[in-house]
Amino acid sequence: YFELNKLDLAAADYKKARQIKPDYATANDNLGALFGLRRRYDSALVYFNNALAINPRYPNSYKNRALVYLELNRMEESAADFNNYLDLITNDPDIMNMVGVCYRNLARYKEAVAIISQAITIKPDPRFYLNRAYCYRGLKDFASARRDVVVARQGGLQIDAELAKSLE
């Protein structure tokens, strides 16, 4: 039902699953994801926290909770949960890039460059290059930022006019 966007039916099934087996981390995580999709972040966090209380090694709940924290602009908590996810599911370049986004938003540019560079070695995604370009700009390493912008543009991304102007 969730995949078919029949969220009310999915919620009913997840709640029933929790009634049958209260310590079912997956049902809690899925309810959290459902509430997150509905932008009911407080409820989403309750269910993600429940899932992690049941199983502290449940990677999806770390990733999903990190996404909610990102939406709430709680970057430290988001980065911590993304890193917890990476402790369990190593070498996920998309999540590495998301840690970089958090670090960039926290002006922790060196750390952001390091983890985004690691992601790029696994998956040279143009979005990662663009994200790293912003970090290099934050470090005032304009030559590296320009190189990454070129790669991102060649990968089909539109470059924000403000970024392009700042690198001229």
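This is a predicted model: local features need pLDDT of at least 70, side-chain atom pairs count only at pLDDT 80 or more; totals for chains, interfaces and linings use all residues.

Author: Two packed helices are described by the angle between their axes and the distance between the axes. Here α1 spans residues 7-20 and α2 residues 25-37, and they pack at about 150° with axes 9 Å apart. Angles over 145 degrees count as roughly antiparallel, so α1 is roughly antiparallel to α2. The two cross in a left-handed way.

For comparison, look at α3 (residues 41-54) and α4 (residues 59-71), whose axes lie 10 Å apart at an angle of about 155°. These helices are therefore roughly antiparallel to each other too, and α3 passes α4 in a left-handed crossing. From α3, the contact draws on Tyr41, Ala44, Leu45, Phe48, Asn49, Ala51 and Leu52; α4 brings Ser61, Tyr62, Asn64, Arg65, Val68, Tyr69 and Glu71. Those residues divide into 9 nonpolar, 3 polar and 2 charged.

One more residue deserves a glance, farther along the chain. Arg132 sits in helix α8, residues 126-138. Its relative accessibility is 12%, so Arg132 counts as buried. Setting aside neighbours within four places in sequence, Arg132 is in contact with Val113, Ile116, Ser117, Ile120 and Asp148.

Technical notes
Residues are numbered from 1 along each chain as its sequence is written. Side-chain values use heavy atoms; hydrogens and water are left out. Axes are lines fitted to C-alpha atoms, for helices over the stretch in contact, and angles run from 0 to 180 degrees between N-to-C directions. Helices (H or I, at least four residues) and strands (E, at least two) are DSSP runs, numbered from the N terminus. Angles under 35 degrees count as roughly parallel, over 145 as roughly antiparallel, 65 to 115 as roughly perpendicular and the rest as oblique. A crossing is left-handed if the near helix is turned anticlockwise from the far one by less than a right angle, and right-handed if clockwise. Contact means heavy atoms within 4.5 Å. Ala, Val, Leu, Ile, Met, Phe, Trp, Tyr, Cys and Pro count as nonpolar, Asp, Glu, Lys and Arg as charged, and the others, Gly among them, as polar. Buried means under 20% relative accessible area, exposed over 50%, partly exposed in between (1.4 Å probe, protein chains only).
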